[in-house]
Amino acid sequence: MTKPIVLQLGDDVRWNHDMYRAFQDTFDIRRSYTMTRPEFIHTLKEKGFGDFFGIYRPFWNTGGEMGRWDEELISLLPKSCKIYASAGAGFDWVDTNSLARKGILYCNSASACTESVADAAIWLIISTFRQFSWSSVAARSIDSYQFTDAARNIGAIARNPNGHTLGIIGFGQIGRRVAEKAFLAFGMKVIYNDIIQMTQEVEQRTQATYHKDIGTLLATSDCVVLAAPFTGEVLLDTALLMKMKQGSRLVNIARGKLVHEEALVKALESGAISAAGLDVHQSEPYVHPRLAELKNVEVTCHTAGASLDSHMGFERLGMKNIISFYDTGKAISPVNGHLISGSAGVL
């Protein structure tokens, strides 16, 4: 019996070798390796990969050489393709609506990096309250004046997170895990905004309070964490940034394009927002120069989810999604199942 074909994008599997061998026993693995977009389009048109059942992308930093997965690419996928399982939590690089219209289920790997991203969010929260970025930059300058300036002045503005209100925009797996860590470690009061209200059981874990209106959450929070997916539009524009509580803080571990960076710079320079922690940026790999210069801003290189644990989990969960869907018609972490007519949904 002919095995169904799975198209693997990018590098070889590095860690889950036993699982991959079993994966190969079930599927005929075809590879794209590091094809450019023109090469990839040509191969799809020529049916060079065959009539593949699924697409497997085990790493977020390889297998993406063909660029954005838009209608141009998706329209070329064979009718036999039913599932696309990829590393990473974000999916702004792939048009999940177009995939759904073609009957293809897209699965991300958010659960595999949840712990790493949540840890990074906690670190950025602490940094914005305690002004650790200012202190670190001053120490690394090896300049006695900067060292003394930080040592003398940070204490007058730094605060402990304990007891403050943490507002989380996007209460999915990552947002909820950030809430749990902040609630248990710091005793922070958790409020959240999402397209739907969570169950009472979920809310009780952190005594979280739902805010349907994002404006009331911004006005109430001492620190706001962005953990929502990017859907194509700026979320925190000038008007909403102005609604933030005076002197509050902003942490972004989601996507840089969710925030209007020029408006954020103005809010930070005016003191309307006291500090920011940004792992993601609007024009990556470029960081806004003014944000990089400000003492009250911590910037990192989109590494919140970057850990060996995450990478191992991405490999594993991608294979699990494809195997589960093939065996049962249900995937573990579908993103666009609700858009596909007759979709069996989540396992």
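How many aromatic pairs does a search of the whole structure find? It finds 19, where rings of Phe, Tyr and Trp (its six-membered ring) pair if their centres lie within 6.5 Å. This is a predicted model: local features need pLDDT of at least 70, side-chain atom pairs count only at pLDDT 80 or more, and totals for chains, interfaces and linings use all residues. Residues are numbered from 1 along each chain as its sequence is written, and side-chain values use heavy atoms, with hydrogens and water left out.

**Aromatic residues**
- The ring centres of W69 and Y84 lie 4.9 Å apart with planes at 80 degrees, so this pair is edge-to-face (planes over 60 degrees apart; under 30 is stacked, the rest tilted).
- Y84 also pairs edge-to-face with W93, at 6.1 Å centre to centre and 65 degrees between the planes.
- W69 and Y84 are buried (under 20% relative accessible area, 1.4 Å probe, protein chains only; exposed is over 50%, partly exposed in between).
- One aromatic cluster includes W69, Y84, W93 and F40.

**Strand β11**
- Five of the six residues of β11 (residues 273-278) are buried, so the strand is largely enclosed by the rest of the structure. Strands (E, at least two residues) and helices (H or I, at least four) are DSSP runs, numbered from the N terminus.
- β11 runs parallel to β10 (residues 248-252), joined by five bridges; two strands pair if DSSP finds at least two bridges between them.
- Three bridges join β11 to the parallel strand β12 (residues 297-299).

**Helix α12**
- Buried residues of α12 include E261, L264 and L268.
- G271 follows α12 and has a positive phi, near 90 degrees.
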